[in-house]
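Trainee: I would like to learn how to read some features of this model. Please take them one at a time.

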Amino acid sequence: MKITLPKIITTFLLISNVCVFASQDYLVTKEKDTIYGKIEWKTNVIVYVKNESGKQKFRADKVDFFQRGAFRFVSVNTKFPEFLLEVKNGQVSYYVESHLKSKFTIDYKKNVFLKYKDDLYTITTPENNQNNNNDNFFLDNPVETNRKASQEEFISSNFKSSFYQILGKDNTLYKLIKKNNFTFEDIELLVDLSNKSLNYPIAFEKQIDSTIKKGYASGYVIPFENDTIWGSIKMKKTFLYNDKIKFITRNKKESSYKPGELIGFKINGRVYKNDIIDKKKKQLIQLIVGEISLYRDLKNKKSYIIKENREYILVDKKKKFIKIFKDKPSIYNRIIENDYQSFEVKSMIRLYNN
């Protein structure tokens, strides 16, 4: 087959355009028009796209979604069309409210949403809204830190009922949720497991441990002898830095550890570890692992990024941590040109790692 020079040039230009567009933020309208440019948004219902043609304003009811960094914000009709962060997409999708929502809503209570077969399930988070910190909003699933709340208060009724309505009472995963083998902190994992359960029910039944003790979750501990011991850990509404960890080995031997007695532990996919930051011992939860990893301090809720097992760098509004992205100029320039904020650090890291 003869390939002419014009065809080669045309192909090169097409590939170049795809590469350029793939590195840009963009918005897709209800009419399926794609508009590339710098995405700016001031409320949870209005977004702007700025490019060489000028600055255009869009309301959520006119938009399918917009992409800013590694985050996709989808227009979802809650009580009205608004932009929600799409955390998981599948038969069951998971959305989190915009960090801007609370500033424009009277008597605001933070919600997350599950979507299944065009039905939207609203789940009120167990977070104390008065302690809401916008800088950390997208770093991890929000959890209640009030130690006076009981286990039953902590697991909101609509958390369980939503999965009941989606999965049905005879579903193995729902039975485990009902037995408190999962908590609100596991909601991303639960969405993944729900999709596996719905799409591949036979394979899912073989993978899941339905015999686990009520109120416990599968995981491991790593004592300072550096041996990983697999078993199950007693669930809590959230693990704080001074909590004791009740553990049952696979051989049914029961023991307990203080977090300081462990290198780390894992529960339902959540990884916790002890490490030294600024010459102080810290108990951390791992939020992202990769070329750049992200951790949050369980005690003071500060977040840190680390690269190639070097020093931890604090994530704060001063954004000095952004220099860590400089060795990938396309990512670094995108962060700078689009003015990504500290609360979008998860998005920045995913762009870099991927």
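**Loops, sheet, rings and charges**

Mentor: Lys-301 lies in the loop between β19 (292-297) and β20 (303-307). Helices (H or I, at least four residues) and strands (E, at least two) are DSSP runs, numbered from the N terminus. This is a predicted model, where local features need pLDDT of at least 70 and side-chain atom pairs count only at pLDDT 80 or more, while totals for chains, interfaces and linings use all residues. Residues are numbered from 1 along each chain as its sequence is written, and side-chain values use heavy atoms, with hydrogens and water left out.

Trainee: What phi does Lys-301 have?

Mentor: Most residues other than glycine have a negative phi. Lys-301 is not a glycine, yet its phi is positive, about 70°. Its relative accessible area is 23%, so Lys-301 is partly exposed; buried means under 20% relative accessible area, exposed over 50%, and partly exposed in between (1.4 Å probe, protein chains only).

Trainee: Where is Lys-117 found?

Mentor: Lys-117 is found in the loop between β10 and β11. That hairpin has two residues between the strands, and Lys-117 takes a positive phi near 50° there. With a relative accessible area of 61%, Lys-117 is exposed.

Trainee: How should I read the pairing of β10 and β11?

Mentor: Strands of a sheet pair through backbone hydrogen bonds, either parallel or antiparallel. Two strands pair here if DSSP finds at least two bridges between them. β10 and β11 pair in the antiparallel sense over six bridges, and Asn-111 stands opposite Thr-124 in β11.

Trainee: Which order do the strands of the open sheet have?

Mentor: The open sheet has eight strands in the order β2-β1-β6-β7-β8-β9-β10-β11, with antiparallel pairing. Its edge strands are β2 and β11 (119-124), each of which pairs on one side only. On average, neighbouring strands of this sheet are turned by 30° against each other, direction ignored. For such angles, axes are lines fitted to C-alpha atoms (for helices over the stretch in contact), and angles run from 0 to 180 degrees between N-to-C directions.

Trainee: Over how many bridges do β8 and β9 pair?

Mentor: Strand β8 (residues 81-88) and strand β9 (residues 92-97) pair over four bridges, in the antiparallel sense. Glu-86 stands opposite Tyr-95 in β9. Helix α5 (residues 187-199) packs on the sheet and touches β8, β9, β10 (111-116) and β11, its direction making about 160° with that of β9. Contact means heavy atoms within 4.5 Å.

Trainee: How many aromatic pairs are there?

Mentor: Rings of Phe, Tyr and Trp (its six-membered ring) pair if their centres lie within 6.5 Å; planes under 30 degrees apart count as stacked, over 60 as edge-to-face and the rest as tilted. By this rule there are 15 aromatic pairs. Tyr-26 and Tyr-36 have ring centres 5.5 Å apart and planes at 45°, so that pair is tilted. Tyr-26 lies in strand β1 (residues 26-29) and Tyr-36 in strand β2 (residues 34-36), so the pair ties together parts that are ten residues apart in sequence. Phe-66 and Phe-73 have ring centres 5.0 Å apart and planes at 15°, so this pair is stacked.

Trainee: Are Phe-66 and Phe-73 buried or exposed?

Mentor: Phe-66 and Phe-73 are buried. One aromatic cluster is formed by Trp-41, Phe-66, Phe-71, Phe-73 and Phe-83.

Trainee: Which ring does the charged end of Lys-55 sit over?

Mentor: A charge sits over a ring if NZ of Lys or CZ of Arg is within 6 Å of the ring centre and within 35 degrees of the ring normal. The charged end of Lys-55 sits over the ring of Tyr-48, 5.1 Å from its centre. Lys-328 has its charged end over the ring of Tyr-352, 4.1 Å from the centre.

Trainee: With which residue does Lys-55 form a salt bridge?

Mentor: A salt bridge is a side-chain nitrogen of Lys or Arg within 4 Å of a carboxyl oxygen of Asp or Glu. Lys-55 forms one with Glu-40, the closest N and O atoms being 3.1 Å apart. Lys-55 is in strand β5 (residues 54-59) and Glu-40 in strand β3 (residues 38-41), 15 residues apart. By this rule the count of salt bridges comes to 16.
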